[in-house]
Amino acid sequence: MNLTEHDDMGPLVTEQESLGFLLSDNLRLTRRIASQYFEQYQLTLSQAKALLGVRRWQGIRQVDLADFMDIQPISLARLLDQLAENGWIERRPDPKDRRAFQLYLTPAAAPIVKMITTASAAFQQKALAGLTAEQQQALFAGLNQVRENLTALGKNASESKVVSEVSEK
């Protein structure tokens, strides 16, 4: 049975014109390449992402970093244990919430973070090869707008769910 022959399924957008496909396929390829690169440093992609998250937001709470990384807090806790054992991060009690911890890089993390940021910049340069400066600027502007749109859609979907749940009661 050839699924493309069924008219009742609606038109299928080509891979080259599908936002979902292009975003997920580029993410898949990026993760694969980055994982292979970081393996040589005995570092996982998740560890690199966590270190960059803490670098970007010194003092971030564990729960917020888990949200940024789109992983469960318990999974992040194990990952942070590894980073702390390596001496790259430290957890400090959150002065506003005694149940929470804030995360900070240690001086020992500096060479690792520098390697990650250098590798990331080189990767970005290679990934954007063939695009003019104007095309790169337009790409980033467009992707930032898409992120804003998706963020708003996510908020609207959450609000709609709450409204429908309240109205059902």
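Colleague: How many residues does helix α4 have, and what distance does α4 reach from its first C-alpha to its last?
Modeller: In this predicted model, helix α4 runs over residues 73-85. At 1.5 Å a residue a reach of 18 Å would be expected, and the helix comes close to that expectation. The values asked for are therefore 13 residues and, from first C-alpha to last, 18 Å.

Colleague: Which residues of α4 are buried, and how wide an arc do they cover around the axis?
Modeller: Taking buried to mean under 20% relative accessible area, the buried residues in α4 are L76, L79, L80 and L83. Their arc around the axis puts them on the same side of α4, and that arc is only 105°.

Colleague: Which exposed residues does the face of α4 turned away from its buried side carry?
Modeller: The buried side of α4 holds L76, L79, L80 and L83, and its cover includes α2 (45-56), α3 (62-69), β2 (89-94) and β3 (97-105). Exposed here means over 50% relative accessible area, and on the face turned away from that buried side the exposed residues are I74 and E85.

Colleague: In what order do the 3 strands of the open sheet stand, and which strands are at its edges?
Modeller: The pairing in the open sheet is antiparallel, and the order is β1-β3-β2. Between β2 and β3 there are 6 bridges, and these two strands form a hairpin with 2 residues between them, while 2 bridges join β1 to β3. Each edge strand has a single partner, so one side of each is left without a neighbour in the sheet, and the edge strands are β1 (60-61) and β2.

Colleague: Which residue in β3 does R92 stand opposite?
Modeller: R92 belongs to the pairing of β2 with β3, which is antiparallel. R61 has its opposite residue in β3 at Q102, and the residue opposite R92 is likewise Q102.

Colleague: Which element gives the largest share of the lining of the largest pocket?
Modeller: The largest pocket has a volume of about 2,400 Å³ and is lined by 43 residues, with N26, L27, T30, F123 and Q124 nearest its centre. The elements giving two or more residues to this lining are α1 (19-39), α2, α3, α5 (110-127) and α6 (133-168). The largest share, 12 residues, comes from α1.

Definitions and conventions
Residues are numbered from 1 along each chain as its sequence is written. This is a predicted model: local features need pLDDT of at least 70, side-chain atom pairs count only at pLDDT 80 or more; totals for chains, interfaces and linings use all residues. Side-chain values use heavy atoms; hydrogens and water are left out. Helices (H or I, at least four residues) and strands (E, at least two) are DSSP runs, numbered from the N terminus. Buried means under 20% relative accessible area, exposed over 50%, partly exposed in between (1.4 Å probe, protein chains only). The arc is that of the directions from the helix axis to the C-beta atoms. Contact means heavy atoms within 4.5 Å. Two strands pair if DSSP finds at least two bridges between them. On a 1 Å grid over the protein atoms alone, a cavity is a set of points where a 1.4 Å probe fits but cannot get out, and a pocket is an open set with protein on both sides within 12 Å along at least five of seven lines; lining residues have an atom within 4 Å of a point. Grid points are joined across faces, edges and corners, and a volume is the space filled by probe spheres set on the points.
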